[in-house]
Amino acid sequence: MTYERTVLYMKRYMDIYKQCMYSALQSAAAYRMNFIVSSLITLAGNILFPLVTLLIYRAGSSFPGWSLFEVLLIQSVFTMSSGLTSLIFGGVLWTTMSHVREGSFEVILLKPLNPLFFIIATTFSIDSVGLFLGGVSLFIFSAMHVGAIPVLFWLQFAGMFIAGTAVLAGLSLMMAAISFKWVGNSRISELADSVLHIGKYPLPVFPKAVQAVATLIIPVGMVGFLPASALLGRMHASDYAAILPCFLFLAAGIWIYRHMIRLYEGVGG
């Protein structure tokens, strides 16, 4: 494929994605009350952990070596990353599961677009904007109470945040891919949430084995803890090794999803 054709190809996909985003925004505007209520419910369901953290510190307990606002910073980063991932990839699991269960995934395969891109573009979840903005608000509040942050730390944070978002995206794609063979997997997201909870707290409070798994195998520590550590200047040289597994995790999610599409056999997987 020549450079010119590649540019045209990418432009076409970007135009399609922008149109899908516009349609989602129009839908939210048409059903404003539903959008507001859905956004508030999503935000309320994820605001529990910061409240629990606040109660823990108000009761006189703490996470050793971490102040209240430093822990809240971790949880705000986690919430921002979760909100951003939900905006872009939130509907992939449920849409894939629904199409496979109903035997209508063939309709997507007939589209003149990459099936994975089509699902991602058409399931842009505008309802998750409340979760993302809530995370941003908590992040600003927490960052204002942890002292001055050098520009270098902000740059490190940006890189770590992108890597953490890649982990969540890869996990979403892997869960969706399982739907092609395990149709009744509606509880799998709850199992994933249980693992992701590790990223909401300082990793040093967990055993060494859990820390290793959470940084190199299933790098959930990159979703909240490591980006916040970069912002606070608490990064160690070995922590940067966790960046590569994050993008490998995303690449694995894409590969597994595309592989499972080839194994798709109709209703029931």
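Biologist: In this predicted model, is Glu70 buried or exposed?
Modeller: The cut-off for buried is under 20% relative accessible area. Glu70 has a relative accessible area of 14%. That value falls under the cut-off, so Glu70 is buried.

Biologist: Which residue does the side chain of Glu70 meet in a salt bridge?
Modeller: A salt bridge needs a side-chain nitrogen of Lys or Arg within 4 Å of a carboxyl oxygen of Asp or Glu. Here the N to O distance is 3.2 Å. The partner of Glu70 is Arg234.

Biologist: How many residues apart are Glu70 and Arg234?
Modeller: Glu70 sits in helix α4, residues 68-89. Arg234 lies in the loop between α12 (225-232) and α13 (243-263). The pair links distant parts of the chain, and the separation is 164 residues.

Biologist: What does a relative accessibility of 29% make Arg234?
Modeller: Buried means under 20%, and exposed means over 50%. Arg234 has 29%, in between, so Arg234 counts as partly exposed.
The label is partly exposed.

Biologist: Which residues do salt bridges with shared partners join into one network?
Modeller: The side chains of Lys11 and Asp15 meet at 3.1 Å, N to O. Those of Lys18 and Asp15 meet at 3.8 Å, N to O. Asp15 takes part in both salt bridges. The network is Lys11, Asp15 and Lys18.

Biologist: What separates Lys11 from Asp15 along helix α1?
Modeller: Helix α1 covers residues 3-30. Lys11 and Asp15 are 4 residues apart in this helix. Their separation is therefore about one helical turn.

Biologist: How many salt bridges does a search of the whole structure find?
Modeller: Two of them involve Asp15, with Lys11 and with Lys18. Another pairs Glu70 with Arg234. The search finds 3.

Biologist: Is α9 roughly parallel or roughly antiparallel to α13?
Modeller: Helix α9 spans residues 151-178 and packs against α13 with the axes 8 Å apart. Their angle is about 25°. Angles under 35 degrees count as roughly parallel. So α9 and α13 are roughly parallel.

Biologist: How many charged residues are in the contact of α9 with α13?
Modeller: The α9 side includes Met160, Ile162 and Leu173. The α13 side includes Phe247, Leu250 and Tyr257. The contact has 21 nonpolar and 2 polar residues. The number of charged ones is none: no charged.

Key. Residues are numbered from 1 along each chain as its sequence is written. This is a predicted model: local features need pLDDT of at least 70, side-chain atom pairs count only at pLDDT 80 or more; totals for chains, interfaces and linings use all residues. Side-chain values use heavy atoms; hydrogens and water are left out. Helices (H or I, at least four residues) and strands (E, at least two) are DSSP runs, numbered from the N terminus. Buried means under 20% relative accessible area, exposed over 50%, partly exposed in between (1.4 Å probe, protein chains only). Axes are lines fitted to C-alpha atoms, for helices over the stretch in contact, and angles run from 0 to 180 degrees between N-to-C directions. Angles under 35 degrees count as roughly parallel, over 145 as roughly antiparallel, 65 to 115 as roughly perpendicular and the rest as oblique. Contact means heavy atoms within 4.5 Å. Ala, Val, Leu, Ile, Met, Phe, Trp, Tyr, Cys and Pro count as nonpolar, Asp, Glu, Lys and Arg as charged, and the others, Gly among them, as polar.
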